[in-house]
Amino acid sequence: MGWEIEDERTVSDSVVPPPGEQRDDVSLLVLRGPDLGKRFPLMPPGGVIGRQLDCSICLRDPNISRRHALVELADGRVMLSDLGSRNGVFVNGARVSRAELFDGNDLQLSSDSVLRVRFQDPGEAKLLDELYGAVVTDGVTGVSNRRYLEHRLSQELSHTRRHSDPCCVVLIDVDGFRRVVAADGQSGGDGLLRAIAEIIRASSRLEDEVARFSAAQLAVILRSATAEQGMVFGERICQLVRERVFDVGEVAISATVSIGVASFEPGRFDVKGADELLDRAETALYRAKSSGKDRVACSDSGNEAPDGPS
């Protein structure tokens, strides 16, 4: 069944549970959305679901409300209440103002975010968390891996087409990475890449996605960002890396990055899919490196950011 929030007007106060159901650990598993595959455990007395940072379950979906819904755990029951959200709350396709949740219920908060209620024993919950980390996370940097990046980018492009909202990819290459590895070993190279990933993550928004793209490259998906905004972001990253001293191995070194930017903006810069957008970002990146490194190039404008100080 397809989800159509705008056309749903059903209001339900309860969802019928399967017979003989028993509760173990309660969690919400993201089936669709920016946090795909992530499990959010619920602890008594419960918490708020929303995009605000202080929410117990903070989702990186700008289409949900800051404080979207309340989940309450008490007396062996799990209750869900809509907190006056913009798009409403749907359980198994029915719009609800307040409802009891049961294992297997699907909870939709926007056209992009669907979560499933899971009652699990602690061992199963721990295994799911370990599997999620192994599947989506790069072991060296702690950011997402390329496989998850490509999946997330496909989701973002679908969002862009539905909402006519821009999407930008920023590809970041560490200049001279092979020389660092040759001088300080693989652990030195890993340490440098990890430190630069932290700079990028600290400069990104909650709804953005930072990932490792290849051995010496990182990537960022900037939701609702134009090519020009991607250039500004890239220039800021270049400056932050340039001004930092990195402790690698037994010595402190300086580093620079080269950056390629590409965007999908319906009616202005169109792409057929995620692969094409990544290819355009790579082409821009190679132009930045061939033009002297430590700079930003954009595939959509043909312009490059000015050189940083030498």
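**Notes on the predicted model**

1. Asn92 is partly exposed, with a relative accessible area of 39%. Asn92 belongs to the loop that runs between strand S7 (89–91) and strand S8 (94–96). Its phi is near 50°, which is a positive value in a residue other than glycine.

2. As to the overall content, the chain holds 5 helices and 18 strands. Of its 310 residues, 51% count as buried. When contacts between residues at least 6 apart in sequence are considered, 59% of them join residues at least 24 apart.

3. Helix H4 covers residues 227–242, which amounts to 16 residues. From its first C-alpha to its last, H4 reaches 22 Å, close to the 22 Å expected at 1.5 Å a residue. Which residues of H4 are buried? They are Ala227, Gly230, Met231, Phe233, Gly234, Ile237, Cys238 and Val241. These residues cover an arc of only 165° around the axis, so they lie on the same side of H4.

4. The buried residues of H4 have several packing partners. Among the strands they pack against are S12 (167–174), S14 (217–223) and S15 (245–248). Strand S17 (257–264) and strand S18 (296–298) are also packed against by these residues, as is helix H3 (177–203).

5. For H3 and H4, the angle is about 135° and the axes are 10 Å apart. This angle makes H3 oblique to H4. The crossing in which H3 passes H4 is right-handed. On the H3 side, the contact is made by Ile196, Ile199, Ile200 and Ser203. On the H4 side, Phe233, Arg236, Ile237, Leu240 and Val241 take part.

6. Ser203 is one of the H3 residues in that contact. Is Ser203 buried or exposed? At 19% relative accessibility, Ser203 counts as buried, the cut-off for this class being under 20%. With neighbours within four places in sequence left aside, Ser203 is in contact with Phe233, Arg236, Ile237 and Leu240.

7. Helix H2 has 18 residues, which should span 26 Å at 1.5 Å a residue; the end C-alpha atoms of H2 are 25 Å apart, in agreement with that expectation. The buried residues in H2 include Tyr148, Leu149, Arg152 and Leu153. Glu156, Leu157, His159 and Thr160 of H2 are buried as well. Just after H2, Ser164 takes a positive phi of about 55°.

8. How do the axes of H2 and H5 cross, and at what angle? Helix H2 (residues 146–163) and helix H5 (residues 274–290) have axes that come within 9 Å and cross at roughly 110°. The two helices are therefore roughly perpendicular to each other. In H2, the residues involved are Leu149, Glu150, Leu153, Ser154 and Leu157, and they meet Ala274, Leu277 and Leu278 in H5.

9. Glu282 is located in helix H5. With a relative accessible area of 18%, Glu282 is buried. Residues up to four places away in sequence not being counted, Glu282 touches Leu171 and Phe213. Glu282 and Val169 are 113 residues apart in sequence, and their C-alpha atoms are 9.9 Å apart in space.

10. Two further backbone features lie in loops. A cis peptide bond, with omega of about 5°, joins Pro44 and Pro45. Pro45 is in the loop between strand S2 (39–42) and strand S3 (46–50). Asp294 has a phi near 50°, a positive value in a residue other than glycine. Asp294 is placed in the loop between H5 and S18, and at 12% relative accessibility Asp294 counts as buried.

Key. Residues are numbered from 1 along each chain as its sequence is written. This is a predicted model: local features need pLDDT of at least 70, side-chain atom pairs count only at pLDDT 80 or more; totals for chains, interfaces and linings use all residues. Side-chain values use heavy atoms; hydrogens and water are left out. Helices (H or I, at least four residues) and strands (E, at least two) are DSSP runs, numbered from the N terminus. The expected span of a helix is 1.5 Å times one less than its number of residues. Buried means under 20% relative accessible area, exposed over 50%, partly exposed in between (1.4 Å probe, protein chains only). The arc is that of the directions from the helix axis to the C-beta atoms. Contact means heavy atoms within 4.5 Å. Axes are lines fitted to C-alpha atoms, for helices over the stretch in contact, and angles run from 0 to 180 degrees between N-to-C directions. Angles under 35 degrees count as roughly parallel, over 145 as roughly antiparallel, 65 to 115 as roughly perpendicular and the rest as oblique. A crossing is left-handed if the near helix is turned anticlockwise from the far one by less than a right angle, and right-handed if clockwise.
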